[in-house]
Structure formats: structure tokens, C-alpha cells
Amino acid sequence: MSLVAVSVGAWWEYPDVQKMNADVARRIALAAQGFADARPASPPGRRHLQRVLSRVQLIQLDSVNVAVRAHYMPLFSRLGSYPADLVDDAAWSHSARKPRMLVEYWAHEASLVPVEDWPLLHSGAKKLGWWTNYRSIADRAPELVEGVLRVVKERGPIGAGAIERELLGEGPRSTGPWWGRSEVKRLCEYLFGLGELTTGTRRSFERLYDLPERVIPADVMARKVDADEGARQLVARSAVALGVATEPDLRDYYRLAPKASQRAVAELVESGVLEPVEVAGWGAPAYRHVEARVPRKVQGRALLCPFDPLVWERARTERIFGFRYRIEIYVPEEKRVHGYYVFPFLLDGELVARVDLKADRAGGVLRVQSAFAEPGRDHGRVAVELAAELRHMADWLGLDGVVVMPKGDLAGALGAVVR
């Protein structure tokens, strides 16, 4: 019987399945994400960025800037202090000496992905996103679609607002129910989702649209991948990034369609890329990438932003680390438990604390709005290590120091060390 014909859930009953304890699974996951690698002694450059990308595969974008924008933080978590323009140059500029390494697309969410992955993400393996809600505008106003593409071709890279003014003039703009965006701006999102537009560059985080053929190398644009192959390659990349994972974990990394992901997992098991494993306490079939490392121990410390790929899937975070984590940005302030923009703190392979951080640029300090230790942790040691990492982060952000506010059970110990 072909293994591909067996449903994914049946691997739990596979007679040769490897059994693994939860501690081994945790160390595999950390190594896969780059946390078993030592931070570089020399200032990080493109070679180090490439090393991180070979681990995490993609970097999520997010507009929140209360501490630092999300796409800058995963590199700091793994490399320590690095030049501010390293990501910007790789994603939004191009020269013969420094070819573009990254391109924007909907991968996990809005993300930076390696340029060479563009065909995989447009193979049909991914679920169509929220932007398909704007298809009705394109169907109703094809001339507007043509106009947007013409303006971008003539003037790109260009922002949606400038496209709108070019097409509609300076008069009152039409608005709709979705964040008040005009139909032109919605069409830009729609065409971006289809891959007919991409980000040429950014200006103060505003996306400036351009044609993909002016951003992505011709040989990459010409490469065609069918949906099945796209799913297999994306799931394989997920497995590299996660090390050991359930099928829903693998699916979620690139937000694939369930059936496509399940079929890809079965085919990758048959081809030997994935190994079925039973992880104690997980309660679901799991799969280990055949090349996943198992470090004897994981040492070091890191602050993780809410959109770091180690922790962005909250159920997986709780399963691996016993760490219940919820982002509270949209929770009314009086109902927040830990804070507005909370960073988990990783120490020697465990999530031991969390801090709500704000970069107070006017005051020149990194402000710790609250600090909480996980149950049973040594507050003294955690405070010493956390204080050192906070100072390192403040230096990287160009801030003069760290200020700890009194909220949280770790705030007293942390404040004493910082002072």
C-alpha cells in the first residue's frame, strides 16, 4: 500500500514511529529557529542575514512600532546588535553589488520571503487571502484596474495615495467600509495579492508599488511551479524552520490549504524528507525534518517580539514551552493582563519571563511597562540576564538606558538590577 494513500492522522499508528520526549522536541525546535547558534563576534552582515533566513525562511511584517517594527526584531533576537539598514537593503533596494534578497508577499501573514520563493507562493498551494474580497471592484471597474497598472508601469515605485491622485485628481476620494480605504487602494491590495504588483520599496513604512518584473529576476519570474510541487516545497521549508511539528503547525507557517498540506506531508514522509514521530504530551501526530539538529543543550538569551516565528503560533508555543501567550494590543487597557506589546524572554532554551516594552524616543529610554516571571523561576537570575538583554536592545535602538515601571512580579528585582 502506498504511504501517500494513508491519511495524515494515521501516522500516529505507524508501527515504526520514533518516540521522542518533550525536552528533545523543544531543543530541536529551538535549533531549527537558530537559537542553538552563537551570536556572531563581528558585526553581522548579509552573510549572517542569509544564515538566519536559512533557519526561519520568512520574516513577518507588522505596522506596530511601539518598541521596534516586527521585521527587525527576529534578527536582533538571533544575531544581537546589527546595522539598521541590513534588512532594508536586502528587502527594498537593489544594485549590481547587492542584489535584492527579499520580496514581500502574503506568506504567514504579510512577510518578507527570499526572492527565489516567489514562484512557490504563486503556485496555487496557498489559500487565497482576504484581499479576494476586492475582486468585485475589479470585475465592476476593469478600466480602473488598467489605470492602476498603467500608473505603476509609468511612475513606479509609487504609493497607493499617489496612484489615486493620478487617476482621480485632488478632489474628494471615494471611501468604503474597510478602514476607509478608497477603491484604488483596495485594488492595489487586490493586485498585490494576485502577484500583479509587488513592493518596489518602502518610504517610512509606506508600501510603494512596482511591477514584479522590475523587482524579481527574470529567471525567477519565468519559473513555473504547480500547486502540488509548491505545497511540497513550502511544507519542506516549514519543516526546516520548525524542526519538529504537527501537520497543522506545518500548514500554518505559510497558511496553506489543509488538503494541500496534508497531501504534501504524506508525500514528504514517503520520500524520506519527514520522519513520523510521537512526542510525549503533544497528543497529535508529529513530523521531524530528517536533517533537524538535536543540540545537547541550548544556552543564551533573547527577547522575542510577538511576531517572532518561534512564538507566533500560540498553541504550539504553549505545547512546547508551557507558556501561555496572548497578544493584548486589541484588549481594552483595563482588561490587559501583561501589557500592550509583550516580549517573551528566552533564557537557556526556556521562556522564563515576559516584558511589555515601549521605545520612548522622546525620553531616550527603553521603557519596561511591566515585567512578569514565569512560575517557579529564580527572579534574581532572570532579572540579571533580562536586564543585560534590555540594555543591549536599548543600545541597538539608539536609546540611552532602560527604565522599569513598577507593574509585575518581576519588576522589583528587575528595577533593582537596572538601577
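Over which residues does the pLDDT stay under 50? Those are residues 1–12, for which the model has 23 contacts beyond four places in sequence. Here pLDDT is the predictor's confidence in each residue, from 0 to 100, and contact means heavy atoms within 4.5 Å. Residues 174–180 also have a pLDDT below 50. The protein chain as a whole averages 92, and 93% of the residues score at least 70.

Some ground rules: this is a predicted model, where local features need pLDDT of at least 70 and side-chain atom pairs count only at pLDDT 80 or more, while totals for chains, interfaces and linings use all residues. Residues are numbered from 1 along each chain as its sequence is written, and side-chain values use heavy atoms, leaving out hydrogens and water.

Now for the domains, whose bounds come from an automatic or database domain assignment. Domain 1 covers 18–123 + 225–289, domain 2 covers 130–171 + 179–222, and domain 3 covers 326–418. Look at where domains 1 and 3 touch: each gives 16 residues to the contact. Together they bury about 1400 Å², 66% of it on carbon and sulfur atoms; buried area is the accessible area (1.4 Å probe) that two parts lose on being put together, summed over both. On the domain 1 side, Val-66, Ala-67 and Phe-76 supply 39% of the area buried against domain 3, more than any other three residues.
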